[in-house]
Amino acid sequence: MNAEPNYSDKLKQTIQLLDKVFARYTQNEIFISFNGGKDCTVLLDIVMARFQKVKQEDCNVRCIYIQPSKPFEEIDVFVEKCMHHYGINIQVIKGTVKSVLHQLCKETPNIKACLMGTRNTDPHCENLQSMQETDSDWPKLVRINPLLEWSCAEVWEYIKNNNVPYCSLYDQGYTSIGDRTNTVPNPYLKYTNSSGEVTYLPAYQLQDADKYERAGRI
């Protein structure tokens, strides 16, 4: 039997997929869906580094933050930080994912594919493929999921190994971040400190993370 791929194997597979994407699409034909979460942060970091290595030019791939109606201020601050850290422009558009994609495809018909930080432990993503066209009732795009096989622990391993900046909410016990209406600190990270104060461990200390990662979602 073949051994399960480890973190190093998955990182290589991610890079191989991105190389395939960069060979197939021009910068103007793809965009990165970025919401300030840990998964798409790792994706952005890998894309920026790999694109410049493969193409020998600066990465100007479009990056879009689909902002919910009641976002966390910490997410908005982090998106701004990423723009400075990576030297890119992240376009902020309010609306639902579907409506924003319709708008984007109408305004820029050359767009063909979207890079996403989706993992197969996300809701309804267990059967998703690494490259897959959107459903018929969505704007026609190829969804590209370079982190599909990664575990939550491997996402944090990459962040820690490469000193990748991440949103401060993760240090406050949040493990899966939506918006203010549907997200609270993860109850599995709650503890009482020596002063008797109830507080939360950081997200990267969550045990059995793939099982409990979304326990803070309402």
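1. Where is Asp208 found? Asp208 is in the loop between strand S8 (198–200) and H6; helices (H or I, at least four residues) and strands (E, at least two) are DSSP runs, numbered from the N terminus. The model is predicted, so local features need pLDDT of at least 70 and side-chain atom pairs count only at pLDDT 80 or more, while totals for chains, interfaces and linings use all residues. Residues are numbered from 1 along each chain as its sequence is written, and side-chain values use heavy atoms, with hydrogens and water left out.

2. Two residues deserve a remark on their backbone. Most residues other than glycine have a negative phi. Asp208, although not a glycine, has a positive phi of about 50°. Asp208 is partly exposed because its relative accessible area is 48%; buried means under 20% relative accessible area, exposed over 50%, and partly exposed in between (1.4 Å probe, protein chains only). Asn163 is not a glycine either, and its phi is positive, about 50°. Asn163 follows H5 and lies in the loop between H5 and S7. With 68% relative accessibility, Asn163 counts as exposed.

3. The next point is the interior. In soluble globular proteins, nonpolar side chains tend to be buried together. A nonpolar core is a set of buried Ala, Val, Leu, Ile, Met, Phe, Trp, Tyr and Cys residues joined through side-chain atoms within 4.5 Å. The largest such core here has 54 residues, and those with the most contacts inside it are Phe34, Ile90, Ile144 and Trp150. Among the elements that give two or more residues to this core are helix H1 (7–24), strand S1 (30–33), helix H2 (38–55) and helix H5 (152–161). H2 gives the most, with 8 residues.

4. Ile144 may be examined in more detail. Leaving out residues up to four places away in sequence, Ile144 touches Leu17, Val21, Tyr25, Ala113, Cys114, Leu115, Met116, Ser130 and Met131, where contact means heavy atoms within 4.5 Å. A second, separate core of 12 residues includes Phe31, Ile66, Leu104 and Cys114.

5. Helix H5 can be followed from its buried residues to its partners. Which residues of H5 are buried? They are Cys152, Glu154, Val155, Trp156, Tyr158 and Ile159. The buried residues of H5 pack against H1, H2 and helix H6 (209–212).

6. Two packed helices are described by the angle between their axes and the distance between the axes. H1 and H5 pack at an angle of about 85°, with their axes 11 Å apart. H1 is therefore roughly perpendicular to H5. Axes are lines fitted to C-alpha atoms, for helices over the stretch in contact, and angles run from 0 to 180 degrees between N-to-C directions; angles under 35 degrees count as roughly parallel, over 145 as roughly antiparallel, 65 to 115 as roughly perpendicular and the rest as oblique. Where the two helices meet, Tyr7, Lys10 and Leu11 belong to H1, and Glu154, Glu157, Tyr158 and Asn161 belong to H5.

7. Aromatic rings form a further theme. Rings of Phe, Tyr and Trp (its six-membered ring) pair if their centres lie within 6.5 Å; planes under 30 degrees apart count as stacked, over 60 as edge-to-face and the rest as tilted. A search of the whole structure finds 10 aromatic pairs. The rings of Phe72 and Tyr174 have centres 5.4 Å apart and planes at 70°, so this pair is edge-to-face. The pair links distant parts of the chain, 102 residues apart: Phe72 is in the loop between S2 and H3, and Tyr174 is in the loop between H5 and strand S7 (190–192). Phe72 and Tyr174 are both buried.

8. Ring pairs also link Trp156, Tyr166, Tyr170 and Tyr204 into a cluster. The charged end of Lys160 sits over the ring of Tyr204, 3.8 Å from its centre; a charge sits over a ring if NZ of Lys or CZ of Arg is within 6 Å of the ring centre and within 35 degrees of the ring normal.

9. Finally, Cys167 lies in the loop between H5 and S7. Cys167 counts as buried because its relative accessibility is 1%. Not counting residues up to four places away in sequence, Cys167 touches Gly36, Glu74, Ile75 and Phe78.
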